[in-house]
Amino acid sequence: MTMTSLLPSAGDGNCYYILTEDCAYGSKYFQAGNMCFCSERSYLHNFSDDRPPACFLKVIMLDDSSTVTINVEILQPVREETAAFLLAISSHKERLNYFLERLSLEAALRAVLGQKVMVEVERQHFPGIIRYIGSIYKNTSAVLSPFFFGVELQGEGENRGRSDGSYHGTEYFKCKRNCGIFLPFSRVQFSPVLDDDYAKQKPKPDTEEVVPVKVGDAVSFYVDEVLTKGIAMAVYREGKQWFVKVCPEEEGTTDIFREIPMDSVVKESLQSLFSPFESDMGLGHPNQMKREISESGEECESGNSSLEVNSMVQITLDKGNQVSGIIRWLGYLPQIKQKMAGVELDEDKGVTAGEWLGKYYFRCAPKRGLFVKLQSCQPDVRFQCSRNSDLIDYREQEVLPQVLESFPPLRNEAAVRVLRGRMKGIQGHCNSCYMDAALFSLFSCTSVLDSMLFKPFLLCDRNVQSILRDEIVNPLRKTGFVRARSVMHLREQLTEKGQCSSFTNAEKDPEEFLNLIMHQILGIEPLLKLQSGGQEQDCYCHQIFMDKQEDLVVPHVQQLVEHSFLSSDLKLVEIPSCFIIQMPRFGKEYKMFSKIIPSLELDITDLLLDSPRECCVCGDIATLECSECFKDKVFAATGLKQFCSSCSRQVHSHYRRKTHKPTRLHVPEEFQSRSPRGSQQVPREKMELFAVLCIETSHYVSFVKYGPENEHWMFFDSMADRHGDENGFNIPMVTLCPEVAKYLDLPLAVLALEQPRDMDGVAKRLFCDAYMYMYQSKKMALYK
């Protein structure tokens, strides 16, 4: 994030921000979703041109007016009106989700008085009309007041409100008694803003040319004193200012976007719009400008008739710059006459998450989606040959049912509705449980490795990738069930492509499958970049190796990972998006520990190379690390052993530790300045547990977390009922296991004393049979 990007336009001299991660400062703890501000003067003082770039910013929290210093990496700037709408949502987590999702927030910013909406009242939805937008706290000294929507309920919603348009004695609009209600935008479903609604809010212009434009209108505007023409792709409001997102035509068939203030845009006639575009399409002669729009569309489509959904394409943007992606949707958008393509890009160079004017036509990560004219798409030359060979492979094999749409991972109620039950999950067959459990864990309820399904890796085998995506992951997310023959289709391809000829029938381990498909076949970048002894090494899973520790009877995952990294002198070069960890064990029969306690959050701050760390004694910035102290029982509960200079001298003055040789740590420049003890807070980097693979008597099962709470766990067994269906195939089953929360909520000391035989439900398997833990970056989880 550049420092200048932290400065939103702030008419009143304040810059507003939202926290995207949890943050601790002194004794205070602020959840992600909290909001804060600083004065524009303070911001400019911190990031002036004559000073080195700052990594921290002093801000004032809007909730309690406390002044704190926060890492700029977790601050996202917001405009004042946007901040006011977000502030009306009391739940920090919900507030952040709406900020990241953007769709509802942008609809709220575009909303106008008189607009028809649906509102949520006591978990039911009723029609209404917006009568007021703004603050309802008039006698407050707060820097920023929350903005609410005052809605007059209609139809079935009458008499379900709480006022007549007044709040605390102040009248904001008039309606019948109990027909008015004030709500945050999160409880309002907005209908599209019509041009008539906008016209009611804005006085008529003096000339006929300068009028509010619609999506699809031809417009003119000036860029560096040069008259430029283009087409309006979106119309939206930021605060009191209206903007038009324009695709200029000077790039021919390219698609770039400029955001122009409404007052700087002049509406053109349709005749002037199509003449330059037709010239770019090779129509040439001016007399051909009278060609019908439909004919023009057919002309441009015919050149790319081979393109279809899931085609790999390249698009030229911004005067010759090219991006590549996958077509996720084809068709016609409202008020656009030409055939359009919805493309998911390989990079964050898009403008959407798959929505157009409030409606989703496909779904992808934010800033990865782009709607362009189909004529702007060209087949990706890197994959034309492989695509033809893929088609031949499919014709030679059994035709399997495919789901060509892409579906997002299942979360919360959707996960329960789609996945729970008998004959749900992935059907096991012929020793496939290692693969079934791994695939269900990685793709059912998270998108952390969805790049495996779409990204055109240089070594990617498109046939294996399409089977994984279209025959396994998408059916799992759509219907909750994958037949054994689909997995067998993948196993046959792995046998053909890999070094081993037994993937179709033999027992394997999950790591063997993951290494083969990620490294040798799809060729994705390693998930982990490690450094040991100055040498970097890459891998996809981390295997914990350790000697038997007599004093470590019931460890938790955090302890095991820290011990493994310290004893092997390992450091993470960068924060991984996905961290897959194999527990210490010897073969499938012998387990080093009879019980391992899952760490729902894995703190990797002290595992990162050149990351600031806290002294394990006083909490100040650590400058020394001692591997010998790790074995000292006195420090057994404090994690990795790092100390500030003062505490290190004190600790190593003891006769038992005088022979220790602490090593010096790299301290980032911003943490080197002298400050009061404990006043500098080290930002913590944490990953969240999303799945656990377990094994008992050579059979793999998995636990998957499908929601934010501890009770949101489901248990998957691909062979729950062996040979149970009418054809002799196994019946897979997915069951909810809220009993897991009962034990996860216990203090570690109490949980360590729990007897496995007395545990409820399937909880024993989670604690006693864990084979592989899967963690994802909390940043990735927020955006996915």
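Colleague: How many salt bridges does the structure hold?

Modeller: The structure holds 14 salt bridges. Keep in mind that this is a predicted model.

Colleague: What makes E158 and K176 a salt bridge?

Modeller: The closest N and O atoms of E158 and K176 are 3.4 Å apart. The cut-off is a Lys or Arg side-chain nitrogen within 4 Å of an Asp or Glu carboxyl oxygen. The pair therefore qualifies.

Colleague: Why do you say that this pair ties parts together?

Modeller: E158 lies in the loop between strand 10 (148-153) and strand 11 (166-167). K176 lies in the loop between strand 12 (170-171) and strand 13 (180-183). The two parts are 18 residues apart in sequence, so the pair ties them together.

Colleague: Why is E158 called partly exposed?

Modeller: E158 has a relative accessible area of 32%. Buried needs under 20% and exposed needs over 50%. E158 falls in between, so the term is partly exposed.

Colleague: What makes R684 and D603 a salt bridge?

Modeller: Their side chains meet at 3.0 Å, N to O. The limit is 4 Å, so the pair counts. D603 sits in strand 37 (residues 601-603), and R684 in the loop between strand 40 (663-664) and strand 41 (686-696). The pair links distant parts of the chain, 81 residues apart.

Colleague: Are R684 and D603 buried or partly exposed, and why?

Modeller: R684 has 27% relative accessibility and counts as partly exposed. D603 has 16% and counts as buried.

Colleague: Which residues join E696 and R765 in one network?

Modeller: Salt bridges that share partners join E696, K764, R765 and D769 into one network.

Colleague: Why is D769 called buried?

Modeller: D769 has a relative accessible area of 3%. Buried means under 20%, so D769 is buried. D769 is found in the loop between helix 19 and strand 45 (770-777). Leaving aside neighbours within four places in sequence, its contacts are K591, L693, C694, I695, E696 and K764.

Colleague: How do you know that strand 30 and strand 31 pair?

Modeller: Strand 30 (residues 528-532) and strand 31 (residues 535-539) share five bridges, in the antiparallel sense. Pairing needs at least two bridges, so these strands pair. Q531 stands opposite E536 in strand 31. The hairpin has two residues between the strands, and G533 there takes a positive phi near 60°.

Colleague: What makes strand 30 and strand 33 a pair?

Modeller: Strand 30 and strand 33 (residues 570-572) are joined by three antiparallel bridges. At least two are needed, so they pair. Here the bridge partner of Q531 is K571.

Colleague: What is the overall picture for helices, strands and burial?

Modeller: The protein has 20 helices and 45 strands. Buried residues make up 53% of its 784 residues. Among contacts between residues at least 6 apart in sequence, 60% join residues at least 24 apart.

Technical notes: Residues are numbered from 1 along each chain as its sequence is written. This is a predicted model: local features need pLDDT of at least 70, side-chain atom pairs count only at pLDDT 80 or more; totals for chains, interfaces and linings use all residues. Side-chain values use heavy atoms; hydrogens and water are left out. Helices (H or I, at least four residues) and strands (E, at least two) are DSSP runs, numbered from the N terminus. Buried means under 20% relative accessible area, exposed over 50%, partly exposed in between (1.4 Å probe, protein chains only). Contact means heavy atoms within 4.5 Å.
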